[in-house]
Amino acid sequence: MDIAFAPCLSLRLLRTPRPVHALFLRPSPLPPLTRPLNTPPTRASPRACAHPPALNNQKLVVTTPLFYVNAAPHMGSAYPTIAADALARFYQMAHARVTLVTGTDEHGEKIAAAAAKAAKAAKAASDRANAAAENRAPYQSSHHPSTQAFCDSVAEQFQQLWAKLNIRHQRFIRTTSPHHHAVVRQFMERVWQNGDIYKSEYEGLYCTGCEEYKDLKELLPRNLCPTHQKPCLSRKEDNYFFALSKYQERLEAFLDDNPNFVQPSERRNEVLGWVKSGLRDFSVSRANNDWGILVPRDESQTIYVWFDALVGYLSALLQHSHQPSLEQLADSGWPADVHIIGKDILRFHAVYWPAMLMSAGLPLPRRVIGHGFITKDGMKMGKSLGNTLDPCQLVDTYGADAVRYYFLKAVDFGKDGDFSEQRFVDVVNADLANSLGNLLNRSLNLLKKNCASTLPISSAELGLSDADDDEKTLREAADRAYQKAYAQYEALDFNAACHSLISICFEANAYIDRIAPWTKFKSEHAEDVQMARRCIVNVLEASRVVAVGLSPVVPEVAQKIYEALGLGDEVANGLTWEHMKWGRLTAGMSFAKPKPVFPRLELVSVTPAAATAEAAVIS
Ligand SMILES: Nc1ncnc2c1ncn2[C@@H]1O[C@H](COP(=O)(O)OP(=O)(O)OP(=O)(O)O)[C@@H](O)[C@H]1O
């Protein structure tokens with residue numbers, strides 16, 4: 001393998017040495033799949049039709065990575081989850097039945113080591129405290145909280161963070177759950193029966209920090225791992241391998257037939273490059289790690305990450321069944337519409353996983369989207385470098401919607417994006433506080449002052465035939481967003497969707513500034529007053545449309561706007577994409593005293609978090 005891997009499904013990665021007998025493997029004819037491979041969705045492109053098609057009750061599954069619980073979540077963990085939640089909310093608005101799957105990857109040597117380390121640190125801290133209290137020396141104890149307790153604690157932190165960020169997931173799968181174990185063993189058994197698992201011996205230099213075998217050429221002198229600066233140790237063990245090489249032709253054909261399977265295009269090109277350079281079998285078990293799921297036919301070994309964590313996407317969908325069975329998958333919403341993952345785990349989702357599913361006779365996911373990295377001073381934010389940003393602190397300081405908006409609007413989804421707190425505050429203030437919040441506040445105040453907070457005309461009555469140019473531009477921007485933002489959300493182009501919607505506010509602000517209703521309301525001419533009324537109604541309706549369109553990204557702001565417009569019940573009943581259509585405000589509606597829906601943020605320096613395993617368990 002020729003790329004630098006990082007650890008887990010989140011990042012427990014393996015650099016697999018070539019097994020001895022894999023060199024002599026000949027691809028054998030594959031049995032037919034029990035179901036045909038999936039192709040990307042066949043529904044018409046929204047760009048091609050006047051009205052976006054509703055997803056008509058389709059079951060759609062959206063997944064985040066399953067995060068490795070070696071340390072507390074950080075902003076990088078929150079990022080794909082926010083994106084997945086925004087997509088799921090959008091799908092819901094388009095009448096799909098969505099299942100958002102997220103969860104934690106909890107097995108492996110590194111977790112056991114992190115748990116032991118955290119327990120030791122906790123014990124030392126408590127001993128010091130006791131010793132200080134009793135004025136005696138600390139003593140050694142053999143008692144440590146279990147690895148499971150460590151996983152419980154970190155998994156809980158992920159769930160708490162999701163709650164803080166308003167993530168509405170339907171499934172949270174933990175790979176230590178018994179029902180996941182059952183599904184994994186069934187899955188592996190199917191692959192085994194298909195003749196794709198075999199045992200082989202290999203020997204290599206292993207880094208326990210990375211949980212992977214290393215090629216000599218990538219190591220520093222004295223076999224030091226460049227990431228962990230510790231010597232890699234020689235290991236020799238019998239492991240089970242998955243015969244990935246047998247799937248060379250089928251994967252090539254699948255990728256050719258499904259050009260949208262991997263997105264964006266640069267990620268697809270990477271995947272094509274890997275596949276074309278020749279697929280090699282990979283190891284799926286470990287002999288020296290007991291913190292894992294037992295291999296079905298050889299319980300002296302545990303299953304290694306890919307046959308464990310990736311299968312979590314399936315077991316999540318079978319979560320509510322007492323006796324989960326892969327046979328029930330057909331009713332569960334599988335195959336997933338989209339796996340949202342970081343580019344670090346692209347190979348495993350776009351090459352290993354499809355081949356594993358082919359072998360198990362299961363349909364393939366429709367799309368794999370490899371997003372870019374949040375960087376800090378140009379470096380990937382991550383647990384290994386310790387340059388992480390604590391999303392809890394960000395949310396506590398600035399609110400969930402500010403965090404959701406910034407990362408989806410200011411970072412191009414497929415690309416890397418550097419975090420700067422100043423930019424964060426500037427972007428959020430410019431769009432949510434100024435362009436949207438002020439617009440609404442200003443119009444509601446004008447309405448209060450000049451129309452006793454009562455809407456003088458129904459927005460649906462404002463025909464375009466008697467509109468002036470600014471009004472027409474505003475209406476066109478709002479109407480266009482109905483289709484445009486739909487297509488942009490569907491393509492996970494959150495940045496563009498936010499832009500299409502916020503630009504309606506730019507038009508509305510330009511329109512209100514030109515009409516200057518505050519002056520026209522004072523005019524003696526009835527046409528001027530009518531123009532002022534018309535302007536306010538248009539601007540309020542435009543703010544409503546923006547609120548609907550942005551609701552997948554900033555649900556709290558959308559709700560506040562709807563409440564300010566006296567339409568709070570519609571949010572409770574669920575906004576749909578049809579609510580984007582112009583004309584829902586009716587004459588005679590009266591509004592409560594306006595209050596800012598998004599107060600301006602003040603810059604507060606959020607200190608970088610030390611997201612260590614110890615912090616995770618001790619806190
Ligand atoms: N800096 C980041 N920017 C964007 N996404 C990230 C970032 N870090 C992690 N992720 C997301 O989390 C997934 C899994 O990451 P993982 O749980 O291994 O955390 P990590 O912080 O990258 O770990 P480490 O730093 O130890 O390598 C990635 O595939 C990606 O979706």
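My entries on the strand and the residue follow.

**Ground rules.** I'm working with a predicted model, in which local features need pLDDT of at least 70, side-chain atom pairs count only at pLDDT 80 or more, and totals for chains, interfaces and linings use all residues. Residues are numbered from 1 along each chain as its sequence is written, and side-chain values use heavy atoms, with hydrogens and water left out.

**Strand β12.** I went to residues 338-342, strand β12. (Helices, H or I with at least four residues, and strands, E with at least two, are DSSP runs numbered from the N terminus.) Five of the five residues are buried, so β12 is largely enclosed by the rest of the structure. Buried means under 20% relative accessible area, exposed over 50%, partly exposed in between, with a 1.4 Å probe and protein chains only. I saw Val338, Ile340 and Gly342 pointing one way, with His339 and Ile341 pointing the other.

**Its partners.** Two strands pair if DSSP finds at least two bridges between them. Strand β1 (residues 59-68) runs parallel to β12 and is joined to it by two bridges; Thr63 sits opposite His339. With β13 (residues 367-371), I found five bridges, also parallel, and Ile341 has Gly370 as its bridge partner.

**Ile536.** Next I jumped to helix α15 (residues 526-550), where Ile536 lies. Is Ile536 buried or exposed? It counts as buried, because its relative accessibility is 0%. Leaving aside neighbours within four places in sequence, Ile536 is in contact (heavy atoms within 4.5 Å) with Ser443, Leu446, Leu447, Ile512, Pro517 and Phe521. I also noted that Leu447 is 89 residues away along the chain, with 7.2 Å between the two C-alpha atoms.
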